[in-house]
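Here are my notebook entries on how the chains meet. Have the model open beside you and follow along.

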Amino acid sequence: MAHQILVHAMSSGGSTTVEALIKHPMDSGFVKDKAGKIIPAHYIEVIEFTHKGKIVLTGYWGPAVSKNPFIKFSFKGGKSGDPIGISWVDNKGETAATSSNIM
Amino acid sequence: MKLALIVLASLWAAPLAQAASQPDPAADLQGFQGYFLKRFPKVPLAAYVNGPYNFSKSERDQWKQIIEFPPYAFAVADGKTLFDTKFANGKTYASCFPNGGIGIAQTYPMFDAKTGRVVPLGVAINRCRVANGAAKLSLTTGKLADIEAYMTSTSDGKPIDVVVPHDPRALAAYQAGKEYFYSRRGQLNFSCASCHVQAAGMHLRGDVLAPALGLTASFPLYRSSWGDVGTLVRRFIGCNKKVKAEPEAADSTAYRDLAYFMTYMNNGLPIAGPGARP
Amino acid sequence: MTEIEGLILSAPSRRTVLAAVAAGTAAGLMRPALSFAAAAAPRASSYPAKAFIQHSQDATLQAMFGTSSVTASADVKMDAPDIAENGAVVPVSFDANAPKVTAAAILALDNPFVMACAYKIPEGTSPAIASRIKLGKTTKVVSVVQSGGKLMSASKQVKVTLGGCG
């Protein structure tokens, strides 16, 4: 159940609001574990949101974005049933992608 | 002669004392809820499940933003997957609970007449696993907390309905939980009530102390300081450590009884778990 | 400290999202494990790595936007708490009333690295984004928006206190 992305996209009044919660530890590299060892930095660097294949937002994240990041934004257009794509790549080169339809 | 008098006196006193200390959960409940309602007249009973957010506008605003897409969403989703996954024998968790485990969290902790012990939801989940040939899970966090989060989410808004039956063992468990709640312990010499009754609504450094009324209703809980979802038992352990007391075992009778008393005190309040707190 | 008007959540978003999550994909929420087919992974090479290792506002803006010249503007609205409930999860959002916004960034000046997050905003996307960031200690948080090539900003001091409850 690693690398989940929860998406909630809703269109109303000619625009679409996207809310997403992305499962990721977003380890900053400044925190120690119980044994006193630094937990190495592990965070999403680039996240991309698309609407019908066209990029509607690119996020550049650093270690100061909270664990399991949340993001909310909106764009003009979009209607019920249109696909919203979300994909990310992190500093270790891991990636995940998902697609959800606008409600 | 003198000795005989004392013996006689204690013979008289004994039944009286017993009558006076006979646990009366219903009367306790009235007194407990009435105390908070009188002390914080602006907070209606059902709002107590929102704990600290009845005391700080700024914290409430942040919380409302956080629960717009709550951080425990993954726990609920994962919990549902686990809950629906078959054991090796082909059965699922649904086979262990009334109504297939849906919408029943408000009835826990439950007194089990067979064993004479209190069974919180987490323990019931583990019992179900053992009955179906699976190993027990940690009662504090991880998979069991996720399953509990999912099961509790299906009881969302249902009034808490914990029963203390007319069984001396149940009454004794309730009484033990009550005593644990009010007993001071640890190097700081705090009881649960010191923070969650006496100092309820006040600040402990940056945190607002939630009133004991409503406290159990939002468990399991996503705490930002944990970074994941934990059970009521995990919080008990944390609180005990905070007052520099030796925590009990997660599966101890002491914690089961404490959960029994505390949750009974929330009878009638709506289930609001899983919840989110700092 | 005394109580404020008690809050009862009647069918708020919490319930909606919770129900949707419990219902799974049927409600428009989805949670696939790994589905590479859904969309191509973004290119890591586009990451402005240099902007994320700076220790001052000027150096961060220079690395991100090629200029450190920024004007405080009432047209950038920013929402952040006065006192963070927990420094690990601080909701921060901005909303710019400006034309041709192409990029934005959130800075936390006293964090180990100043840059928290940045966004490339294409035409048609509203220059208003909400997210949650970590603050190591009490700090000024700055929302910077690039409009028509110029940088404008709003800022707010956010207090981070120690929790008492572990």
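How much area is buried between chain C and chain A, and what share of it do carbon and sulfur atoms give? I looked this up first: the buried area is about 3800 Å², and carbon and sulfur atoms give 59% of it. I take buried area as the accessible area (1.4 Å probe) that two parts lose on being put together, summed over both.

A note on conventions before I go on. This is a predicted model, where local features need pLDDT of at least 70, side-chain atom pairs count only at pLDDT 80 or more, and totals for chains, interfaces and linings use all residues. Residues are numbered from 1 along each chain as its sequence is written, chains are lettered from A and ligands numbered from 1 in the order in which they are written, and side-chain values use heavy atoms, with hydrogens and water left out.

**Chain C against chain A**

I found 46 residues of chain C in contact with 47 residues of chain A (heavy atoms within 4.5 Å). My search for salt bridges here returned zero (a side-chain nitrogen of Lys or Arg within 4 Å of a carboxyl oxygen of Asp or Glu). Next I asked which element gives the most to the side of chain C that touches chain A. That is E7(C), with six residues. By class, I noted 32 nonpolar, eight polar and six charged residues on that side of chain C (Ala, Val, Leu, Ile, Met, Phe, Trp, Tyr, Cys and Pro are nonpolar, Asp, Glu, Lys and Arg charged, and the others, Gly among them, polar).

I then checked the strands (DSSP runs of E, at least two residues, numbered from the N terminus). Strand E5 of chain A, residues 70-76, is joined to E7(C) by two bridges, and the two run antiparallel; at least two DSSP bridges make a pair. Within this pairing, Lys72(A) stands opposite Ala130(C).

**Chain B against chain A**

Lys72(A) turned up again here: its side chain meets that of Glu68(B) in a salt bridge, at 2.7 Å, N to O. I counted two salt bridges between chain B and chain A. Helix H4 of chain B, residues 73-84 (a DSSP run of H or I, at least four residues), gives the most to the side of chain B that touches chain A, with six residues. In contact are twelve residues of chain B and 14 residues of chain A. They bury about 1100 Å², with 67% of it on carbon and sulfur atoms.

**Chain A itself**

I logged seven strands and zero helices for chain A. Of its 103 residues, 56% are buried (under 20% relative accessible area, 1.4 Å probe, protein chains only).

Definitions and conventions
Buried < 20%, exposed > 50% of the residue type's maximum accessible area, 1.4 Å probe, protein only.
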